[in-house]
Amino acid sequence: MGIFYKNLDQRTRDFMLKELELDISSKKLYISPRLNSIGRAKWVELLKEAIQKNNDDWLANQLRVKGYMKSYETRRTSKGIIEVRVPSSAPETLAEGEFNRFYARGLCLRAISEGISEVVVYRGKQVQRPRPESQLMIGKKINAKALLDDLRKSQGVEPALGIPPGPNSGLTICLP
């Protein structure tokens, strides 16, 4: 089950779509190396449809049922390069991470447009073993402009401000 997004309504979706279009036009859209060639070709279309009328659960399901993920990936180890199986949770991890990133960006843009300077971190999905650093972030207020700027420049890597704080954290943001 995906993340519960408190402010995922049409207004937020419109801002999310603007952020997606910004990444596409500036050629900064993150394309996971775990997507196969067909998955890479379909990624923009799927992500756009998820943003317009679905959610991260739908996106993960599409990646899984359509077979858009690689079965194996290359990994470097101390003994050299090896092929390992891509985790079965990869569609959920990718879908949640990227949908949540665009949700956070869209919500920050919305907050700024509505004269709201801060957004609030909350747990949108229960996790079995919450990380202590994630627990400490719940309830924290973050400057919307700073978070938006951070998320815009950190595609494919963990943002400097730590929101969202890495894969499978279950954390996201909402309006105060």
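**A hairpin, a helix and its neighbours**

Visitor: In this predicted model, how many residues lie between β1 and β2 in the hairpin that they form?

Guide: The strands concerned are β1, covering residues 72-77, and β2, covering residues 80-85, and they run antiparallel. They form a hairpin, and the number of residues between them is 2.

Visitor: How many bridges join strand β1 to strand β2, and which residue in β2 stands opposite R76?

Guide: The antiparallel pairing of β1 with β2 is made by 6 bridges. Within this pairing, the residue of β2 that stands opposite R76 is I81.

Visitor: Which helices do the buried residues of α1 pack against?

Guide: The buried residues of α1 include F15, M16, L17 and L20, together with T12, R13, E19 and D23. In an α-helix, residues three or four places apart point the same way, because there are 3.6 residues a turn. The helices that the buried residues of α1 pack against are α2 (37-53), α4 (90-113) and α6 (144-152).

Visitor: Is D23 buried or exposed, and which residues does D23 touch beyond four places away in sequence?

Guide: D23 is found in helix α1, and because its relative accessibility is 3%, under the 20% limit, D23 counts as buried. When residues up to four places away in sequence are not counted, D23 touches K28, L29, F102, R105 and Q155.

Visitor: Where is I31 placed, and what is its relative accessible area?

Guide: I31 lies in the loop between α1 and α2, and together with I24 and V44 it forms a nonpolar patch on the surface, with about 190 Å² of accessible area in all three together. I31 is classed as partly exposed, since its relative accessible area is 31%.

Visitor: Which residues is A144 in contact with, leaving aside neighbours within four places in sequence?

Guide: A144 belongs to helix α6 and is buried, because its relative accessible area is 1%. Leaving aside neighbours within four places in sequence, A144 is in contact with C108, A111, I112, I116, S117, E118 and V119.

Visitor: What distance separates the C-alpha atoms of A144 and Q62?

Guide: Along the chain, A144 and Q62 are 82 residues apart.

Methods:
Residues are numbered from 1 along each chain as its sequence is written. This is a predicted model: local features need pLDDT of at least 70, side-chain atom pairs count only at pLDDT 80 or more; totals for chains, interfaces and linings use all residues. Side-chain values use heavy atoms; hydrogens and water are left out. Two strands pair if DSSP finds at least two bridges between them. Helices (H or I, at least four residues) and strands (E, at least two) are DSSP runs, numbered from the N terminus. Buried means under 20% relative accessible area, exposed over 50%, partly exposed in between (1.4 Å probe, protein chains only). Contact means heavy atoms within 4.5 Å. Patches are made of residues with over 30% relative accessible area and no salt bridge: like charges are joined within 9 Å, nonpolar side chains (Val, Leu, Ile, Met, Phe, Trp, Tyr) within 5 Å. Accessible areas come from the Shrake-Rupley method with a 1.4 Å probe; for residues, only the protein chains shown count as cover. A salt bridge is a side-chain nitrogen of Lys or Arg within 4 Å of a carboxyl oxygen of Asp or Glu.
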